[in-house]
Amino acid sequence: MAARGGFSSKLGFIAAAAGSAVGLGNIWQFPYVAGQNGGAAFLLIYVAWIFLIGLPVMVGEIAVGRRTLANPYGAYKELGGKSWAFVGLFGIICGVMILSFYNVVAGWAFGYFIQVSFGDILKEPDFAGYFNNYVADYSDNLLFSISFMILTAFIVYKGVQKGIEGTSKVLMPTLFVILILIIIYGLTLPNAMDGVNFYLIPNFDLINGATIYSALGQAFFSLSLGMGALITYGSYIGRQDNIISSATMVTIADTMVAFLAGLMIFPLVFSQGQSPSEGPGLVFVALMGVFQTMDPIMARFVGGGFFLLLSFAALTSTISLLEVPVAFLVDEKKISRGKAVALMAIVVFALGLPSMLGFGATEFFTDFMFYEGITKSFMDVVQDIFFVVSLPLGGFLLSIFVATRWKRHNMSEEISHGNNRYIGSIVEKFFNTMITFVCPVVLGVMFVLTMLQKFFGIEVF
């Protein structure tokens, strides 16, 4: 433990793990997915999935990490032998590939922060056209993505306490402050309450299979599960820490950020009569139209603050995504942290170049052959394979591993360590039942449905 480093306190772990979970998925993706699926009705189902499926899997990942004090590969190998080690390696590879395109999108967010705060972007007549041209021009994207990767690498290089924990303790409170300030401003705008009503008053007639499925996907993805990040962070916490209370607090913090993101965006959108179901362009296109209607000084403050918030959320996630392969190299290959960080930062950035070039810069990566007759941008292909499809598979395999290989009693012993009141309690029974019986079924079905949709073009809902 001493050689690997560790979090200095329970608060440090919660800040770092919440930072890992909180990311672009909460502030960029959650509002537009909620907008496309009925607002409040989606929100209720999302919260239910978070605590029924997401929290038990999170507890399982943290428990595996603390039990072994190892990276995902080493953890699965120690508890399950070489036949299970591939699951940990699979998670590490997924994290690396996710970081490769995540860093590109983080660069977009940081670039928009610069443009909105100090440039002339708010004078643009066509924000959709501007965004398309912006992502196609790799010159600025290259600079911002390099800067973001260097900053991420520097923080990870500083180590668990001084780098990851110290940065998370600053970024997470700052993120909440910016969110709340923009919410307060948004609620003062005309028609803002229409957005609040859409977001908080459920219309149960809007609930269908697609809503339930989308809410499950958003809940699982927003917690950064299935790729070993929380196994790695779990390996840095002390034996005396309460895993269940820590995981619950991380889950609550992550859910609060997603909830507040919706409460921030929908009043802004409705105040200008924009559609809440705009899709991925809600942030980079529709919201820009909202900012444009504000007083110029206020637009720079609110718009710049929003994209700074998006950048901070991205940074807390890129840190955890980079730490996973770095921990693997340090633990398994005995490479120094400095060399491991430099190597992985270069590899990840290089892997992200095709994603950066896949929005008009080159035809090959823009219309990339996914499978016969289907082309997508290279980023969409990577996202479909290593994020949308692979993470539910990772969560499914974690659940199967705990249930059949590590066994329920070992997980109970780990989560009860130093907290004997959990032994035989309803809390212990809940987590063991969910991760043994419910999570494998739900995540297995989710994986199959996602495969049918993404790889075979079968629209299930």
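Q: What makes Y46 count as buried in this predicted model?
A: Y46 has a relative accessibility of 1%. Buried means under 20% relative accessible area, so Y46 counts as buried.

Q: How do you know that F30 is buried or exposed?
A: The value for F30 is 0% relative accessibility. The cut-off for buried is under 20%, so F30 counts as buried too.

Q: Why is the aromatic pair of F30 and Y46 called tilted?
A: There are 40 aromatic pairs by this rule, and F30 with Y46 is one of them, at 4.8 Å centre to centre and 50 degrees between the planes.

Q: What does the pair of F30 and Y46 tie together?
A: F30 sits in helix α2 and Y46 in helix α3 (residues 40-68), so the pair links parts that are 16 residues apart in sequence.

Q: Why is the pair of Y112 and F284 called edge-to-face?
A: The ring centres of Y112 and F284 are 5.1 Å apart, with the planes at 80 degrees. Planes over 60 degrees apart count as edge-to-face, so that is the name for this pair. Y112 belongs to helix α5 and F284 to helix α13, so the pair joins parts that are 172 residues apart in sequence.

Q: How do you know whether Y112 and F284 are buried or exposed?
A: Y112 has a relative accessible area of 0%, and F284 has 1% relative accessibility. Buried means under 20%, so Y112 is buried and F284 is buried as well. Both residues also belong to one aromatic cluster, whose members include W28, Y32 and W108.

Q: What makes the contact of S235 with T232 a polar contact?
A: The side chain of S235 comes to 2.5 Å from the backbone oxygen of T232. A polar contact needs N or O atoms within 3.5 Å, so the distance meets the cut-off. S235 lies in the loop between α11 (229-234) and α12 (243-271), and S235 is buried, with a relative accessible area of 0%.

Q: What makes up the lining of the largest pocket?
A: The lining has 49 residues, with Q29, Y32, Q383, F387 and V388 nearest the centre of the pocket. By class, there are 26 nonpolar, 18 polar and 5 charged residues. Helix α2 provides the largest share, 8 residues.

Key: Residues are numbered from 1 along each chain as its sequence is written. This is a predicted model: local features need pLDDT of at least 70, side-chain atom pairs count only at pLDDT 80 or more; totals for chains, interfaces and linings use all residues. Side-chain values use heavy atoms; hydrogens and water are left out. Helices (H or I, at least four residues) and strands (E, at least two) are DSSP runs, numbered from the N terminus. Buried means under 20% relative accessible area, exposed over 50%, partly exposed in between (1.4 Å probe, protein chains only). A polar contact is a pair of N or O atoms within 3.5 Å; within protein, one must be able to donate a hydrogen and the other to accept it, and residues adjacent in sequence count only if both atoms are side-chain atoms. On a 1 Å grid over the protein atoms alone, a cavity is a set of points where a 1.4 Å probe fits but cannot get out, and a pocket is an open set with protein on both sides within 12 Å along at least five of seven lines; lining residues have an atom within 4 Å of a point. Ala, Val, Leu, Ile, Met, Phe, Trp, Tyr, Cys and Pro count as nonpolar, Asp, Glu, Lys and Arg as charged, and the others, Gly among them, as polar. Rings of Phe, Tyr and Trp (its six-membered ring) pair if their centres lie within 6.5 Å; planes under 30 degrees apart count as stacked, over 60 as edge-to-face and the rest as tilted.
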